Amino acid sequence: SFLVEGVAFMRTFSYAGFEQQPKTFATPKILLLNLELELKSERANAEIRIDDPSKYQSIVDAEWDIIYEKLARCADSGANIILSKLPIGDLATQYFADRGLFCAGRVGPADMIR
């Protein structure tokens, strides 16, 4: 047995980029989300019909803009730890790692309350 000073999670899912994230914080500021931070989640929330195939790229660009705006808002919040009940995808994990932030998705309800 040993004492862990801080917080330990029962289990979370992580993508590439997780290894690059910091694991300790002297003054943690935690952002708790009930939000999926994955590119695919935007596609699942809408149905778009186009008549002109040349408009397809503008739709794809809009999807990327939406996810990057969400990520920027999380990073700009001042939090250095981002936890979500829902998945945080590889794009978001790498985005946060590049900014020295820690993130974990699929965090259980008990761990979110703790």
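**View 1. Overall arrangement of the predicted model.** The protein has four helices and three strands, and this description rests on a predicted model. Read from the N terminus, its elements follow the order β-α-α-β-α-β-α. Of the 114 residues in the protein, 32% are buried. Among contacts between residues at least 6 apart in sequence, 73% join residues that are at least 24 apart.

**View 2. The three-stranded sheet.** The strands form an open sheet in the order β1-β2-β3, and their pairing is parallel. The edge strands are β1 and β3 (102–104), each of which pairs on one side only. From one strand to the next, the twist averages 10 degrees. Strands of a sheet pair through backbone hydrogen bonds, in either a parallel or an antiparallel sense.

**View 3. Pairing of β2 with its two neighbours.** Four bridges in the parallel sense connect β1 with β2, the strand of residues 81–84. Within this pairing, Leu 32 stands opposite Leu 83 of β2, while Leu 33 has Ser 84 of β2 as its bridge partner. The chain passes from β2 through α3 to β3 in a β-α-β crossover that is right-handed.

**View 4. The two faces of β2.** In a regular strand the side chains alternate between the two faces of the sheet. Both faces of β2 are covered, with Ile 81 and Leu 83 buried on one side and Ile 82 and Ser 84 buried on the other. Leaving aside its neighbours within four places in sequence, Ile 82 is in contact with Leu 31, Leu 33, Ile 88, Phe 96, Leu 101, Phe 102, Cys 103 and Ala 104.

**View 5. The nonpolar cores.** The largest nonpolar core comprises 15 residues, and those with the most contacts inside it are Leu 37, Leu 71, Ile 82 and Phe 96. The elements that contribute two or more residues to this core are β1, α2 (56–76) and α3 (90–98). Apart from it lies another core, of six residues, which includes Ile 81, Phe 102, Ala 104 and Val 107. In soluble globular proteins, nonpolar side chains tend to be buried together.

**View 6. Surroundings of Gln 21.** Gln 21 lies in the segment before β1 (30–33), and with a relative accessibility of 3% this residue counts as buried. The side chain of Gln 21 reaches the backbone nitrogen of Cys 103 at 3.2 Å. When neighbours within four places in sequence are left aside, the residues in contact with Gln 21 are Thr 93, Phe 96, Ala 97, Leu 101, Phe 102 and Cys 103.

**View 7. Surroundings of Gly 17.** Gly 17 is also found in the segment before β1, and its relative accessible area is 4%, so Gly 17 is buried, the cut-off being under 20%. Gly 17 and Thr 93 are 76 residues apart in sequence, yet their C-alpha atoms are 5.8 Å apart in space. Beyond its neighbours within four places in sequence, Gly 17 is in contact with Thr 93, Gln 94 and Ala 97.

Key: Residues are numbered from 1 along each chain as its sequence is written. This is a predicted model: local features need pLDDT of at least 70, side-chain atom pairs count only at pLDDT 80 or more; totals for chains, interfaces and linings use all residues. Side-chain values use heavy atoms; hydrogens and water are left out. Buried means under 20% relative accessible area, exposed over 50%, partly exposed in between (1.4 Å probe, protein chains only). A polar contact is a pair of N or O atoms within 3.5 Å; within protein, one must be able to donate a hydrogen and the other to accept it, and residues adjacent in sequence count only if both atoms are side-chain atoms. Contact means heavy atoms within 4.5 Å. Two strands pair if DSSP finds at least two bridges between them. Axes are lines fitted to C-alpha atoms, for helices over the stretch in contact, and angles run from 0 to 180 degrees between N-to-C directions. A nonpolar core is a set of buried Ala, Val, Leu, Ile, Met, Phe, Trp, Tyr and Cys residues joined through side-chain atoms within 4.5 Å. A crossover is right-handed if, with the strands pointing away from the viewer, the path from the first strand over the helix to the second runs clockwise.
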